[in-house]
Amino acid sequence: MSELKTGTFSVSDLENVQINIGSIVGAIEKTAAEEGEVGLTVKPNISGLRDWDYKLLERYNPVYTPMCDQCCYCTFGTCDLTGNKEGACGINMEGHNAREFMLRVITGASAHSGHGRHLLHHLIDKYGADYPLKVGQTNIIAPNVQMVTGKKPETLGDLEGALSYVEEQLVQLLACVHVGQEGEAIDFESKAMHGGMLDHVGMEVSDIAQISCLEMPKADENAPLSEIGMGTIDSEKPVLLVIGHNVAGVTNIIDYMEDHDLTDKMELCGLCCTALDMTRYRTEGGDVPKAKVVGTLAKELKMIRSGVPDVIVVDEQCVRADVLREARKLMMPVITTNDKIMYGLPDRSEDDIEDIIDDLKSGRDDGALILDFEKLGEVAPRLTQEMSKIRKEKGVVSLPTEEEFNELTSRCVHCLACELECPTNLPISDAMTAAEEGDLGPFEILHDKCVACGRCEQACPKDIPVLNVIEKASQRVIREERGKVRVGRGQISDPEIREEGVNLVMGTTPGIIAMVGCSNYPDGTKDLYRIADEMLRRNYIVLMSGCSAMDLGMYQNDDGETLYEKYPAKFQKGNLINVGSCVSNSHITAATIKVAAIFAQRNITGNYEEIADYILNRVGAVGVAWGAYSQKASSIGTGCNRLGIPVILGPHGSKYRRALIGKPYEEDKWKVLDARNGETMDIPPAPEFLLTTAETIDEMMPMLAKNCIRPSDNNMGRMIKLTHYIELSEKYLGIMPDDWYKYVRNETDLPLARREEFLKKLEQEYGWDIDWNKKKIVSGPTSKLDVSAQPTNVERLCKEA
Amino acid sequence: MADVSKNLKVYTTYGPKSARGTKPAIVAKMIEKAKRPLFVVGSEVLEEKLLARAQAIAKKGIPVAATGHSIKGFIDEEGVDAKYINIHFLGTFLCDPKWAGLDDNGCYDLIILLGHKKYYINQVLSALKNFSDLNTINIGKHYTQNATLSFGNVTPEVHLEALDELIDNL
């Protein structure tokens, strides 16, 4: 008898009978055997990687900076935990804050995985469970899935198991938030790490499913460029704006527009990651993107208040809660398309298309919930054309006229309420004064720094619509907001890793800088350009994703080029890659996993601890989430952390209320084992942290270089990394860093051009013994250079252990 | 006399314990009484008028922890003992009694803060408030709830006047 397999089969002689077999008892064990060598942690449960987490937390201590000193989780409370007091249930401030951080992480992971589940249902429905996964030139289709679940998915249906595992674990983690469950901070921390790891599995499922089915670029270094910016939108045409992260329904809109010859007759543009994913849709092979990107979450209210969109379609994640209320004032119907955001709108999914359009264009309804994507595909573009005519006839305008603008600026009494309420305390009052005197410059600067949250308007005692004033004053710069962003390419291919892996592990490519996350920057969008350009000129590989990827494309150099046009997009030193949207962040961790798999021939299947240990000690990668605002950013970052990748946040990141910071002065913490013999090796404090914040980008520049240093660097690699650390510190802080000597193992680690100068410093300032005839270090360094050493934090991986 | 002890309005609350308002003369006295004060300056101190005051305070012999890229304003300044450190790291180390300080002479007993982003320093100070016994004083222009003592929300002009008064009293 032939063996049962998962999939679909028909029963002969019986018409219209089809049997689906989802999973088979004992299949996991059987598949594992087929997968070859399998590690110790296939589908780890909450405690499965606890030992690894404890190792990380021993060196990188949780640092809590509470934002609320009380706990109000249950009816025992409210409890004041100030000063690490215990509440009525016994939890203290540390425990409560660790719990809150974990909750933040699993909220983010749930958002990505919920998105993944929705997308997977939709795509399996449309393409079938047997549809093959195609992500480009690779033998490792889903590195995160394979490493965590021990399975190698090949079809859409294979992803269901990975997602079910993630969902089950997220429920278990959420259960721990309940009163009377976990009580110790350190185990909440381990659970947060678990949630972060799950997030990368959920993201990977989401993205490889859509890459495979929606003809998105597949590890393509020549992915096309897309237009970006409020200035690229032709407001004379009907404008359809989509907001969110889930591109499923929008593909139907694009298809309808193409089928009905509407592509050039109206504008389809987007905000947030839906926008990025729209530009990926059917651009495999270099086709022109079928939509434009307006920008990030920070542009949401600005774009709506501009009055330009005729219809708004929202899906899920990072959509403002007041879109409907704002749009209503400007006669813009809102269509919600996902049960995560419904805004109280009537469900019109089953209704006749003509009736829906009539009700919306007549103003009888402000909007509609349409969960049927075929229907959405037709309603949205047709309604946009109708509304464009109606709104133009009615002369709908939102921003103030010149006269109104003058009246508003003179109405300001400079009480500073707006500034104190502003999340970044922007100097609004001074800009009002300047505008009164005819100088719009300060408002134009505010336009870039302002994230358009609208809290200033809520605070103003004179009812000045502050955001409208800023936007009216900034019309000149808004018209000039025209850039280019490279369409997201998805994974890094195996050939690329094969070529570049050795350089990364030896350090001769100084590191990967992954700029991810949202747009809550402390000082405007141009900071991203400065960071990327500096690090690219220094030959780092710069990976981009999500909102950061968009904002980077908003700036041009003196030759009128964006960095996407200036730098090539292969995975090698000095290249700039956009992996894609928020869920594409999984490809960044995947790249480091693939370095271990392809370059080092490590088994990744169900083998999380060994791979994370490899990455922590050998792959110089640092994440930067300069404008992180969301729970998703905390889960992405925490997933990186468990895998040994440090992450730096902008100052707003302090509001995540938890960092993981090492103490360089605790010498016993900076030791590893040599896997060749189990002997203890001293290492320099790098990475110094797993999660921290920086105050300004000038401060962050040297931090980036320093924290790409790894114990495995060869002398050439260490010399290159140390040179960048010292140069960046001198350039941006004006000082020689006071810990540079800790990274010197012998004279060959020293920057070549300044070797003699540094040998003198080591002798005079640090008392090292130098042989000046041979220009060699005789004694002094705490860590030794041994290129054959195999640094590890895991005792079982040592041969003599 | 610059009255910087009023307008302690908070726009979002951190909890039941809030900084008390203070005045330049009181700050000066506390600095004089402290055995190991530390003057922590943030990157916003690099604004010309503020920097001149910060340098003057440092020259009174108080060691400086320069966070962000503020160290640029203190290099080669005679009579100033300034070192760069990341503020999140500094906040962490200050909560650790085992930390030997920036100069290896032991931990500090009074922290004076100037030139920080309000939201950022409030977060860092929440760690010190909850997990250390340190006294912290924010002499910036925004009321900072998580410090032990803080100036109120004041205009830039009143703020500079208050700093001058503090310098005169040191």
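This is a predicted model: local features need pLDDT of at least 70, side-chain atom pairs count only at pLDDT 80 or more; totals for chains, interfaces and linings use all residues.

Let's start with the strand itself. β8 of chain A covers residues 267-271, and five of its five residues are buried. Both of its faces are covered. On one side sit Glu267(A), Cys269(A) and Leu271(A), and on the other Leu268(A) and Gly270(A).

Now for the strands that pair with it. β7 of chain A, residues 239-243, runs parallel to β8(A), and five bridges join the two. Within that pairing, Val239(A) has Glu267(A) as its bridge partner. β8(A) also pairs with β9 of chain A, residues 292-295, again in the parallel sense, this time over three bridges.

Besides the unit you asked about, β7(A), helix α7 of chain A (residues 248-259) and β8(A) make a right-handed β-α-β unit.

For some contrast, take a look at another piece of chain A. There, three strands form an open sheet in the order β21-β20-β25, with antiparallel pairing. β21 (679-682) and β25 (791-792) of chain A each have a single partner strand and stand at the edges, so one side of each has no neighbour in the sheet. Strand β20 of chain A, residues 671-674, is joined to β25(A) by two bridges, and one of the pairs is Leu673(A) with Thr792(A).

Finally, a word on the nonpolar cores. The largest one has 274 residues, and those with the most contacts inside it are Ile312(A), Ile513(A), Met515(A), Val542(A) and Ile112(B). Helix α6 of chain A, residues 185-213, gives the largest share of this core, 13 residues. Looking past its neighbours within four places in sequence, Val542(A) touches Ile513(A), Met515(A), Ala532(A), Met535(A), Leu536(A) and Leu576(A). Another core, of five residues, lies apart from the largest one, and its members include Trp670(A), Val672(A), Ala675(A) and Ile683(A). As a general background, nonpolar side chains tend to be buried together in soluble globular proteins.

Definitions and conventions
Residues are numbered from 1 along each chain as its sequence is written. Chains are lettered from A and ligands numbered from 1 in the order in which they are written. Two strands pair if DSSP finds at least two bridges between them. Helices (H or I, at least four residues) and strands (E, at least two) are DSSP runs, numbered from the N terminus. A residue is buried if 20 or more other C-beta atoms lie within 10 Å of its own, exposed if 12 or fewer, and partly exposed in between; C-beta atoms are placed from the backbone. A crossover is right-handed if, with the strands pointing away from the viewer, the path from the first strand over the helix to the second runs clockwise. A nonpolar core is a set of buried Ala, Val, Leu, Ile, Met, Phe, Trp, Tyr and Cys residues joined through C-beta atoms within 7 Å. Two residues are in contact if their C-beta atoms, placed from the backbone, lie within 7 Å.
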